[in-house]
Amino acid sequence: MLISQLTENTSVLSTGQLTQLQQLSATLNPIQQAWVSGYLAASSQMGGQLSALSLEPIKAEPIASQTLTILYGSQTGNAKGIAQQLKTNCEHKGFTVELVNAGDYKAAKLKKETHLLILVSTHGEGEPPEDIETLHKFVFGKKAPDLSQLNFAVLALGDSSYEYYCQTGKDFDEQLEKLGAKRLFDRIDCDVDYEADAQSWSTSVVDLLEPELKKPTQVGEAQVIPLNPNGVMAHEYSKNNPFTAKLLASQKITGRDSGKDVRHIEIDLEGSNIQYQPGDSLGVWFDNDEALADQLLSALSIDPAQSVSFDDTVTAIKALLVKRLELTQLHPGFVTAYADLTNNEALQTIAADKATLREFIADRQVIDVVSEYPGTVEAADLVKSLRKITPRLYSIASSQAEVEEEVHLTVGVVAYEAFGQPHLGGASGFLAHRLEEDADVNVYVEDNNNFRLPASEETPVIMIGPGTGIAPFRAFLQQRDQQGSTGDNWLFFGNPHFTQDFLYQTELQDLQKRGVLNNLDVAFSRDQAKKVYVQDRLLENGEAIYQWLSNGAHVYICGDGARMAKDVHNALLAIVGQYGNLDSEQAEEYLSELRSNKRYQKDVY
């Protein structure tokens, strides 16, 4: 019987005592009620001699709290950053929290979870990021369990420029419900400017869970709050707290007649105490081209010195366009907003059809829209229609074991002619053309624990990295060279022309000569009538590839995720199917097992 159901006839208390007890009980949480129960029981045993003033804290066993699991799948580190902050906030509230990278999560554990938060980005054409691919496949597979015991919520991150916006988050949200799980809170789909929406979702979820998951606080004990609520040590740098480094070199490493401009970038990290591992990425903040900002303002008849409000500060609009706002990566939101601001019917028609709009923004920048559809807008409206600049991530092309307080990148410069004028990528143009030697550049390391060399230096590795996808494998080879690793190394590299596009040719040949690089297979697609790609070289060496896999080799792919990575995956399926005598389903399972054991890893974009 509950206290609220007691009456004078069903208790030994007087009407006044019963009323007081019921009033007190209504103000107590379950932990406090349990404590009061223990106190009264102890008082009864001692003949009522216990008093509140003399009472020592009762070290009763606290009621067991349930664990909140925060699972993140991240392609660029955004989901990871939100998850880390969410964990800190939950711990401050007294939750028992487990933060897990989806790549390290055992899918079978899902049926034992009671409270789960999933923060996940979407990659490519609606595909899950590499680190959550196995779990995604599991929940949609035949072995997916009944999840009626699970309470969950999903935060989806994406880019509305893409057709399958936030698709992975939508997948998990819908499928977990189909498996019987109970949705704690509605999914929120976050665009590139995700901070405000993510903060709102996180706050709401924490508040919702607090009554159920907050751990009991022992009597006489105080909750310890970490001094650094951001969870960032003073010597660490992050996306929102980058290190101001110096550019040491920006050297073109493709030939004069190459159709590509690829740069070898060297950056000085002296004094930062930044540590990175082969496989990690470097986040690079950049400034837009001042000439591009001037051109845009001129086209819109806006004074470059005009002040506007932005993030609670008042700033000249030109400074915002150069330092804070995205000008080179066009997104649907700008087209829609600009069409409405200028009341341009032709542009509104384009914006109204998603397929047409995606095609329209594919090779345009903000200046192209304004030039093609002239109009006049207020400075404040222009600022509201533009996204904030986001840093670009580049695979690190060096090992600290060799370069020490430096970090190297392999950057393909985005450069093309369109709509009557030259176009440059924001970050790549900044690093290649606008940033001078010894000038400042703000950077931070984004670790990638799902793209790591094997723990054993004796394990063979197969690396497949055409174009700038060679970057992390330069770091891998430097690391293995410096460590004196005995495991064999096999690199597949491809590009259009041998004479113009053989990136790091001298270095690779030296590594091969010294026995660090055991096998080097190249595919220069346009040096012969029939185009040859890295997947063709894989198939030509199929039997040896399968033998390496049978001997425990790890396989790595880096580069274009839209086509190359899929073609390479299909080549690997064909190889293990043919030489392992497996049908198509068994071959897929073979590669899935490699992935689960971290022997098949991808860093694709």
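Modeller: Buried means under 20% relative accessible area, exposed over 50%, and partly exposed in between (1.4 Å probe, protein chains only). The model is predicted, with local features needing pLDDT of at least 70, side-chain atom pairs 80 or more, and totals for chains, interfaces and linings using all residues. Residues are numbered from 1 along each chain, and side-chain values use heavy atoms, without hydrogens or water.

Biologist: How many residues apart in sequence are the parts that R387 and D159 tie together?
Modeller: R387 and D159 form a salt bridge (side-chain N of Lys or Arg within 4 Å of a carboxyl O of Asp or Glu), at 3.1 Å from N to O. R387 lies in the loop between α13 (379-385) and β12 (392-395), and D159 in the loop between β4 (151-157) and α5 (167-178), so the parts tied together are apart in sequence by 228 residues.

Biologist: Are R387 and D159 buried or exposed?
Modeller: The two side chains meet in the salt bridge. Both R387 and D159 are buried.

Biologist: Which helix holds E507, the partner of R474?
Modeller: The closest N and O atoms of R474 and E507 are 2.9 Å apart. R474 is buried at 9% relative accessible area, whereas E507 is partly exposed at 33%. R474 belongs to α16 (residues 471-483), and E507 to residues 505-513, helix α18.

Biologist: What is the relative accessible area of R364?
Modeller: R364 forms a salt bridge with E372, with closest N and O atoms 3.2 Å apart. E372 is partly exposed at 37%. R364 is buried, at 13%.

Biologist: How many salt bridges does a search of the whole structure find?
Modeller: Some are linked: D173, E177, R183, R187 and D189 form a network. The search of the whole structure gives a total of 30.

Definitions and conventions. Helix = DSSP H or I, 4+ residues; strand = E, 2+ residues; numbered from the N terminus.
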